[in-house]
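Hi,

Here's the structure I said I'd pass along. Have a look at it first, and my notes follow below.

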Amino acid sequence: MILIADSGTTKTDWCAIEPDGSRLSFQSNGMNPYFRSEDELSTAFAEEVSPLIPDGDTGAVYFYGSGCTFDKIEVMKRVIGKHIPATCIEVYSDLLAAAHATCGREAGIACIIGTGSNSCFYDGRQIVKNVPPLGYILGDEGGGVSLGRRLVGDVLKEMLSPAIREKFFDQYKLTAADIIDRVYRRPYPNRFLAGFSPFIAENIAEPEIRKTVLDSFIAFLTRNVMKYDYKRYPANFVGSVAYVFREILSEAANATGIGIASVHPAPMRGLITYYTN
């Protein structure tokens with residue numbers, strides 16, 4: 001059996017693939033080693049993952065995750081190895097998950113637009129160029145946190161119509177003071193801001209909100225994708241925000257002269273194909 005994981009900050013998708021090709025999919029909370037200590041990860045793994053893994057020998061674990069930077073890879077390997085006696089344990093970044101899922105073993109541009117955003121040029125084997133995403137304060141253009149930050153700012157600065165502002169406050173039961181507290185004083189402001197993505201989707205017909213999404217996607221493409229050989233290689237996307245707003249993403253790509261090869265809500269299906277092939 002092989003076990004594949006695609007982990008974000010909020011959730012992790014797992015798929016166990018048996019030798020006969022049968023599959024079992026399940027979810028756990030996010031396993032981001034940037035935000036959680038090794039002990040916290042180990043506890044979460046024991047409580048949320050181990051009980052759901054099918055009985056039998058695990059030949060390999062392929063774990064892809066946000067926060068799995070070079071200095072965190074060994075942390076994740078120790079955590080996984082403590083709970084799964086697999087023959088092979090490999091830990092990769094979520095960006096390589098996007099590349100493996102969308103490009104397979106061919107060269108191409110792979111992008112993530114979900115809670116945050118990232119991009120790379122992949123040569124068919126490894127990532128050879130990566131424009132730094134810089135996180136939700138300095139970068140992450142197009143991502144859910146960036147969109148949420150812009151929405152909240154426009155609401156508080158009265159840049160949106162009175163009807164939309166009233167709808168926002170009625171739906172979330174928040175005051176301006178509540179928002180300031182959640183963003184500047186409490187943990188995980190990125191999760192809080194990204195949580196407004198559904199409101200943006202529900203009200204995408206509003207011209208001001210649609211323009212926010214379009215401008216954010218254009219910023220992502222010009223500040224990231226255009227740093228690669230985009231005239232030769234079209235871009236591939238994974239991520240909930242890219243998928244939900246894929247029509248606007250296509251409009252942004254047309255405006256910048258960038259081709260789009262594929263848009264997927266998540267990389268797991270492509271990762272299954274990558275390993276079963």
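Starting with a helix pair: H5 and H10 cross in a right-handed sense. On the H5 side, the contact is made by Ser146, Leu147, Arg150, Leu151 and Asp154, and on the H10 side by Ile209, Thr212, Val213 and Ser216. By type, the residues of that contact split into 4 nonpolar, 3 polar and 2 charged. Keep in mind that this is a predicted model.

As for the geometry, H5 covers residues 144-156 and H10 covers residues 207-223, and their axes come within 10 Å, crossing at roughly 140°. The two helices are therefore oblique to each other.

Next up is helix H2, residues 73-83, where Ile73, Val75, Met76, Val79 and Ile80 are buried. Looking down the axis of H2, these buried residues fall within an arc of 165°, so they line one face of the helix.

Last one: valine 263, which sits in strand S10 (residues 260-264). Leaving out residues up to four places away in sequence, valine 263 touches Phe237, Ala242, Tyr243, Arg246 and Leu249. Take tyrosine 243 from that list: valine 263 is 20 residues from it in sequence, with a C-alpha to C-alpha separation of 6.0 Å.

Cheers

Notes:
Residues numbered from 1 in each chain as written. Predicted model: local features only at pLDDT ≥ 70, side-chain atom pairs only at ≥ 80, totals over all residues. Heavy atoms only, no water. Axes fitted to C-alpha atoms, helices over the stretch in contact; angles between N-to-C directions. Helix = DSSP H or I, 4+ residues; strand = E, 2+ residues; numbered from the N terminus. Parallel < 35°, antiparallel > 145°, perpendicular 65-115°, else oblique. Left-handed = near helix turned anticlockwise from the far one by under 90°. Contact = heavy atoms within 4.5 Å. Nonpolar A, V, L, I, M, F, W, Y, C, P; charged D, E, K, R; others polar. Buried < 20%, exposed > 50% of the residue type's maximum accessible area, 1.4 Å probe, protein only. Arc of directions from axis to C-beta.
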